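This briefing is for a reader meeting the structure for the first time. Please look over the sequence and the model before reading on.

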Amino acid sequence: MRFWIRHIILIVLCVVLPLGAALYFDTESEKDRARGVGASTVQAALRGLESTLRLEAHDRVGGAITLSQRLTDFDVMRILGRGGSRGQAAFAQTVQLLDGAAPPGGFAWLVDGEGRVVVENGQTEPTETPRQVTGHPLFAATQSGNALDGVWSDVEGLTLAAGAPLVDGGAASGAVIVGYPIDQGMVTRVAKAVSANVSLLSGDRVVATSLPPALADEIAAAATSGEVVFGGKRDRPLPSSTVPMLPLLIDRFANGTAYASAAAPVRGSLPTVRWVVSADSSNSLEALAQRQEIIFAALAASLLLALLVGLVNHRTFVRPIDKLAEHLSEIQLGRGDLELPEGRVSKPFRRLVRLINMTVQKVPARSLTAIGSTSDVGLEGRPVSRTGSLVVTPPQQLEPQNMDQFPPAPSAPPPAPPPDPAPVEPVVPDPVFASAPPPAPAPEALQIPDDLAPSLPPAPTPAFTGDDTDEAAAIAEAIASLEAGQSPMEAPPAPEPTPIPSGSSRAASGIRGTPMGSVDGMPSPFPPSQSEFLRDGSSLSSPLQDEVGASTSPAPGVRGGGSLDLSGYAGVMDKGAATVEGEGFGPEATVVAPVAEDLLAQSAREDLTDHHASAITGDEKPDMTVVASVPADLLAQSAGEAPLPDPPPPPPPATENGLDAADRAHFQEVYERFIDLRRRCGEKTTDLAFDRFLKKLTKNRENLIKKYHCRTVRFQVYEKDGKAALKATPVRAR
Amino acid sequence: MSQLSRAQTWIVPCLVALGTTSAEAAAVKGSVTPPPKPVADAQMLGYTVTRVASPAKTLEGAKKDVALFLRSKESLPIPTPKEHLQIAIRGMRLVPNVATCAVDAQVVFKNEERDPVTVEVGKTTVGPIAPGETAVYECTAGEPEDPRPVRIPNWRHVSGLVYVAQSGVAGRPNDRGSFSLNAPQGTYELQFVTAEGVAMRKEVEIVRSDVDVGTADLAAGQKPEEPAEPEGP
């Protein structure tokens with residue numbers, strides 16, 4: 001989960017935020033660009049307006065000059081001054097000329113030298129009180145001899161006027177003035193010429209405009225000078241793209257920025273009379289939705305890609321590491337399988353898994369070197385001399401016995417009781433008593449109750465002869481010969497490495513001495529080498545070494561730390577082998593081999609725990625147990641294992657069976673592991689109750705204590721031939 | 001009562017009255033040559049200007065309008081004038097475009113246009129004046145010499161002046177440029193005012209008889225004098 005939280009944070013920081021910022025800044029830059037385009041358009045339109053008005057002014061003045069020339073040629077002033085019929089005719093003719101020159105809604109005047117408008121367009125007869133324009137600068141300028149244009153402002157509105165003098169003798173004498181009204185038509189015509197909207201304002205009053213009236217009123221309040229201002233809104237919203245909600249971060253009608261406007265004063269008029277040119281500055285925003293759509297598409301694609309990358313990383317790196325950690329944790333807790341299938345992890349981690357599996361596989365081989373030197377009970381249940389050597393029992397057929405065959409349901413017929421087992425047990429010398437080893441107890445097999453081991457084969461008669469010392473030495477020698485590896489003996493063909501199938505029943509508890517023969521006949525892919533057996537530097541000076549080496553070969557796949565199948569060791573067999581039988585737990589063969597003297601001496605000095613593996617045979621036909629010494633680290637490891645998932649019922653009080661708290665706890669733990677192993681081996685677990693299990697173990701414990709005069713007994717669970725098995729180790733008092 | 005004493009009773013007041021009337025009856029006379037009105041240059045009012053003829057002959061002799069004010073420095077009380085100077089609004093201009101006025105006196109504006117006209121004198125609005133009607137502008141107290149511009153809002157080109165002084169006699173020359181201002185005895189300053197301001201000043205003392213100040217030639221390129229420093233209270 002933390003991976004995903006971090007990944008999501010990374011996505012937000014690296015994808016969402018940057019693209020969000022890109023969206024924001026792109027939108028803002030588009031708006032700025034639109035404003036820039038609008039400002040440029042307005043300024044260009046202003047220049048265009050200036051040019052257009054100048055052209056029109058030239059046209060108007062030219063028309064006025066033409067009219068004045070015609071009237072001059074007509075000598076209208078003199079004729080009008082005469083009066084009479086000719087004066088009337090001249091008046092009519094003048095009116096006709098002025099009517100032709102006057103624009104629609106405008107005027108055309110004939111003004112005398114004193115500024116009196118003697119004839120106007122549309123006039124029917126001369127008036128007694130004509131209009132006077134003496135003081136108007138336009139007329140004054142014509143009397144200065146100039147033809148020019150200007151603005152005529154009266155109560156009727158604003159007029160663009162053109163005036164030209166009447167020439168009399170080369171001097172100005174009167175004038176014609178033609179006025180063109182600034183109306184909607186004129187503004188529209190000018191707006192079309194400049195490709196922009198044009199308005200004429202007098203103060204805050206809109207005189208004429210090509211904009212919608214409401215918009216013109218809004219812009220009129222904003223544009224008062226040549227500085228470009230923005231205002232107004234679009235009449236239709238900005239077009240959206242495939243996604244209807246776009247564009248974002250902008251008003252759909254571009255309210256306040258739709259139009260760029262600038263003002264220019266009307267020449268010849270009051271300063272408050274101005275032209276306002278407005279240009280649409282929101283056209284370039286119409287593509288904004290498409291741009292944002294592209295950004296959102298990029299955002300979506302980036303998010304998907306980032307999620308995909310996260311999934312791939314999680315699958316390729318995080319999950320395999322979690323599996324490895326879980327696997328190692330289970331190994332540490334003594335649960336689960338020893339080996340993790342390589343196919344369960346991704347390729348980059350398969351080599352690591354392989355190395356871990358190799359390391360885990362090597363751990364039992366390392367502990368094998370200390371088996372004979374630390375355990376009172378040798379392999380195959382042969383007692384070990386208290387001086388530190390294993391007692392090799394006479395050769396017997398050592399058959400691995402299963403200790404997991406618990407009795408069926410009460411409805412099932414009880415099995416036939418096994419024959420009395422031969423009390424032959426190797427005893428591993430206790431290092432505490434290495435200096436003054438007590439007499440080696442007679443090997444004793446762990447008897448399996450009848451109701452628990454219905455199908456147990458008859459236990460072979462132990463053939464321990466001689467004293468414990470001889471047996472221990474024989475066992476030690478057998479072990480030493482095994483540890484010598486392949487060189488002193490004919491090395492057995494290295495078992496072909498076979499892959500451990502998934503869900504292998506090999507349990508982590510096998511580290512503490514599971515005989516390799518119990519791994520369903522699948523030896524380790526890593527054949528034992530001499531170095532593994534001799535890792536602790538033990539010597540191979542065992543009296544049985546030659547004997548063993550000549551005729552025996554190490555059991556295939558032997559890793560140590562548990563029972564060893566020395567059935568091929570003729571010499572060892574001659575020295576005596578004992579099978580451990582028990583009642584109810586299923587007998588199993590114990591491998592007995594002599595322990596090297598130096599290993600025994602070394603083990604005598606070590607501070608061993610109580611968890612010694614030993615195969616004990618008893619008078620009560622004890623169960624067959626595999627005897628081997630368990631390294632201290634594995635013992636300590638097993639001591640710290642977590643309890644199995646199915647907690648057993650609480651053990652009976654110590655007063656019932658003489659068990660103290662440690663014993664009870666140990667029996668509980670053994671029970672849990674036994675059940676768990678049976679489950680993983682596919683055996684039934686419902687037919688074994690803890691009380692019965694405890695009863696049997698207690699009975700065997702008592703037998704072993706009685707026989708070996710040890711303080712207590714410790715049991716270990718391991719797998720043999722695909723079934724759960726138990727092995728016992730007497731613990732001497734300290 | 002004897003005849004001599006009765007004659008003294010009547011003669012003395014008559015002599016006093018006669019003497020007083022003689023003191024107010026003095027006039028300041030003279031003439032003024034207004035400066036010429038310059039012919040407007042080819043000023044562009046719009047977008048184009050083209051000279052097509054020589055200036056009109058009527059513009060050659062055009063003169064500026066001139067108003068007079070006999071400002072009292074130390075004199076007997078000056079009676080309130082019965083007539084006031086008038087400014088007409090005709091032909092989209094002020095005719096004349098300058099007037100002088102003493103405090104508490106008036107200037108009359110007459111609209112001879114066809115449309116109503118509003119006049120602004122200084123900060124005071126006069127009007128709108130209906131066609132053919134007049135409106136009075138009261139010359140209220142202000143600065144000792146206070147030229148007040150005259151404007152017509154709808155006609156930017158129109159500009160005039162109402163010159164208001166503290167105490168004195170206002171007048172203007174006739175068409176020939178002659179003038180006569182009646183004032184009581186005292187010392188005065190005769191001011192020649194155009195639309196641009198006081199063009200010339202002349203010290204005048206009225207004793208008993210009329211005073212002839214001669215001809216003030218404003219056309220000789222003389223710049224209008226700076227107004228005299230106002231006298232202390």
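The points below cover the interface between the chains, then the disulfide, the salt bridges and some backbone details.

The structure is a predicted model. Chains A and B touch through 41 residues of chain A and 33 residues of chain B. Over all chains there are 31 salt bridges and one disulfide.

**Interface: area and make-up**

- Chain B and chain A bury about 3,000 Å² between them, and carbon and sulfur atoms account for 57% of that area.
- Of the area that chain B buries against chain A, 28% comes from B:L45, B:Y47 and B:T48, more than from any other three residues.
- The rule finds 14 residue pairs in polar contact across the interface of chain B and chain A, counting pairs with both residues at pLDDT 80 or more.
- On chain B, the side that touches chain A draws at least two residues from each of two strands, β2 (49–51) and β12 (155–165).
- Sorted by class, that side of chain B holds 15 nonpolar, nine polar and nine charged residues.

**Interface: salt bridge and strand pairing**

- One salt bridge is found across the interface of chain B and chain A.
- A:E120 and B:R114 form a salt bridge, and their closest N and O atoms are 3.8 Å apart.
- Strand β3 of chain A, residues 146–154, is joined by three bridges to β2 of chain B, and the two strands run antiparallel.
- In this pairing, A:L148 stands opposite B:V49, a residue of β2 in chain B.

**The disulfide in chain B**

- A disulfide is a covalent bond between the sulfur atoms of two cysteines.
- The disulfide here joins B:C101 to B:C139, with an S to S distance of 1.8 Å.
- The link of B:C101 and B:C139 is right-handed, with 125 degrees about the S-S bond.
- B:C101 lies in strand β6 (residues 98–102) of chain B, while B:C139 lies in the loop between β10 (134–138) and β11 (145–152), so the pair ties together parts that are 38 residues apart in sequence.

**A salt bridge within chain A**

- The side chains of A:K31 and A:E28 meet in a salt bridge, at 3.2 Å from N to O.
- Both A:K31 and A:E28 belong to helix α1 of chain A, which covers residues 2–74.
- A:K31 and A:E28 are three residues apart, about one turn of the helix.

**Backbone details**

- The peptide bond that joins B:V95 and B:P96 is cis, with omega of about -15 degrees.
- B:P96 sits in the loop between β5 (93–95) and β6 of chain B.
- A cis peptide bond also runs from B:G127 to B:P128, where omega is near 5 degrees.
- B:P128 is part of strand β9 of chain B, residues 124–129.
- A:S195 has phi near 60 degrees, a positive value in a residue other than glycine.
- The loop between α5 (184–194) and β6 (197–202) of chain A contains A:S195.

Conventions
Residues are numbered from 1 along each chain as its sequence is written. Chains are lettered from A and ligands numbered from 1 in the order in which they are written. This is a predicted model: local features need pLDDT of at least 70, side-chain atom pairs count only at pLDDT 80 or more; totals for chains, interfaces and linings use all residues. Side-chain values use heavy atoms; hydrogens and water are left out. Contact means heavy atoms within 4.5 Å. Buried area is the accessible area (1.4 Å probe) that two parts lose on being put together, summed over both. A salt bridge is a side-chain nitrogen of Lys or Arg within 4 Å of a carboxyl oxygen of Asp or Glu. A polar contact is a pair of N or O atoms within 3.5 Å; within protein, one must be able to donate a hydrogen and the other to accept it, and residues adjacent in sequence count only if both atoms are side-chain atoms. Helices (H or I, at least four residues) and strands (E, at least two) are DSSP runs, numbered from the N terminus. Ala, Val, Leu, Ile, Met, Phe, Trp, Tyr, Cys and Pro count as nonpolar, Asp, Glu, Lys and Arg as charged, and the others, Gly among them, as polar. Two strands pair if DSSP finds at least two bridges between them. A disulfide is a pair of cysteine sulfur atoms within 2.5 Å.
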